[in-house]
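Here is a walk through one protein model, written for someone who likes to know which cut-offs sit behind each word. Have the viewer open as you read.

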Amino acid sequence: MTDVRTRRLSTAEERRATVLRTAISAFAARGYYGTTTTEVAKSAGISQAYVYRLFPDKEALFVAVVEHVGAVIRECLAEGVAKAASAEPAAVLDAMGEAYARLITDREVLMVLMHATCAASGEPVIREAVQRMYARLVEYVRAASGADDAPIQHFFATGFLCNATVSIGAVEIDAPWTRTLLAGIRHY
């Protein structure tokens with residue numbers, strides 16, 4: 001009897017997801033300017049030409065990464081809302097902050113955010129993608145928490161401070177400046 005094995009080919013959507021996962025790791029490690037599509041293709045196990053079939057250029061790939069990370073943050077915040085002690089705006093914001101503090105222990109998410117912010121300063125298309133991401137997040141936080149502008153601004157300002165202090169390893173340093181920056185902020 002002949003052993004007939006069916007080889008399953010991956011679909012374009014599966015390959016797109018693989019490229020996206022690979023790109024997240026690459027961009028988190030080396031940023032927008034330090035990452036090549038050749039590296040992403042090689043890590044994904046596909047040709048560079050196929051990467052360009054899925055994403056027209058590196059900029060489009062990076063924008064897709066930013067959009068994906070924005071969706072991950074949104075999901076994280078929704079999980080926080082579900083765990084809030086009450087429906088009071090302060091309790092909801094606190095629960096979302098807790099969830100976000102846990103999320104940024106994922107170094108890839110944190111570093112993509114940091115690199116995206118830097119690339120946004122010089123790349124108009126990336127700037128627009130980052131602006132859209134934050135616009136969506138602010139409006140989600142507003143709708144989910146019912147908070148006014150000032151507490152929402154404080155929520156995001158604390159998140160930006162968390163991004164900076166975690167990325168520079170401030171949580172590992174016991175010094176007056178780190179105690180000042182980290183006072184009242186959760187880190188994991």
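## Ground rules

Buried here means under 20% relative accessible area, exposed means over 50%, and partly exposed is in between, using a 1.4 Å probe and protein chains only. At 41% relative accessibility, F160 therefore counts as partly exposed.

The model is predicted, so local features need pLDDT of at least 70 and side-chain atom pairs count only at pLDDT 80 or more, while totals for chains, interfaces and linings use all residues. Residues are numbered from 1 along each chain as its sequence is written, and side-chain values use heavy atoms, with hydrogens and water left out.

## The overall picture

The protein chain has 9 helices and 0 strands. Both come from DSSP runs numbered from the N terminus: helices are H or I with at least four residues, strands are E with at least two. Along its principal axes, the C-alpha trace spans about 65 × 35 × 35 Å.

Of the 188 residues in the protein chain, 41% count as buried. A contact means heavy atoms within 4.5 Å. Take the contacts between residues at least 6 apart in sequence: 64% of them join residues at least 24 apart.

## The nonpolar core

A nonpolar core is a set of buried Ala, Val, Leu, Ile, Met, Phe, Trp, Tyr and Cys residues joined through side-chain atoms within 4.5 Å. In soluble globular proteins, nonpolar side chains tend to be buried together. The largest such core in this model has 58 residues, and V19 and L77 have the most contacts inside it. Helices α1 (12-34), α2 (37-44), α3 (48-54), α4, α5, α6 (107-120), α7 (124-145) and α8 (149-167) each supply at least two of its residues. The most comes from α4, with 10 residues.

What does V19 touch, leaving aside its neighbours within four places in sequence? The list is V40, A44, I46, V51, L54, F55 and L61.

## A kinked first helix

V19 sits among the buried residues of α1, which also include L20, T22, A23, I24, A26, F27, A28, G31 and Y32. The buried residues of this helix pack against α2, α3, α4, α6 and α7.

Now check the length of α1. The expected span of a helix is 1.5 Å times one less than its number of residues. A straight helix of 23 residues would span 33 Å, but α1 spans only 26 Å between its end C-alpha atoms. There is also a kink of about 80 degrees in α1, centred on A28; the bend at a residue is the angle between axes fitted to the seven residues ending there and the seven starting there.

## Rings that pair up

Rings of Phe, Tyr and Trp (its six-membered ring) pair if their centres lie within 6.5 Å; planes under 30 degrees apart count as stacked, over 60 as edge-to-face and the rest as tilted. The structure holds 6 aromatic pairs. F27 and Y32 make a stacked one, at 6.4 Å centre to centre and 25 degrees between the planes. Both F27 and Y32 are buried.

Y134 and F160 form a tilted pair, 5.3 Å centre to centre with 55 degrees between the planes. This pair links distant parts of the chain, Y134 being in helix α7 and F160 in helix α8, 26 residues apart. Y134 is buried, with a relative accessible area of 17%. Elsewhere, ring pairs link F27, Y32, Y33 and F62 into a cluster.

After α8 comes G169, whose phi is positive, near 75 degrees.

E88 lies in the loop between α4 (58-82) and α5 (89-103). Is E88 buried or exposed? At 53% relative accessibility, it counts as exposed.

## What the record says

In the model, residues 13-73 are 87% helix and 0% strand, with end C-alpha atoms 22 Å apart. Residues 36-55 are 75% helix and 0% strand, and their end C-alpha atoms lie 13 Å apart.
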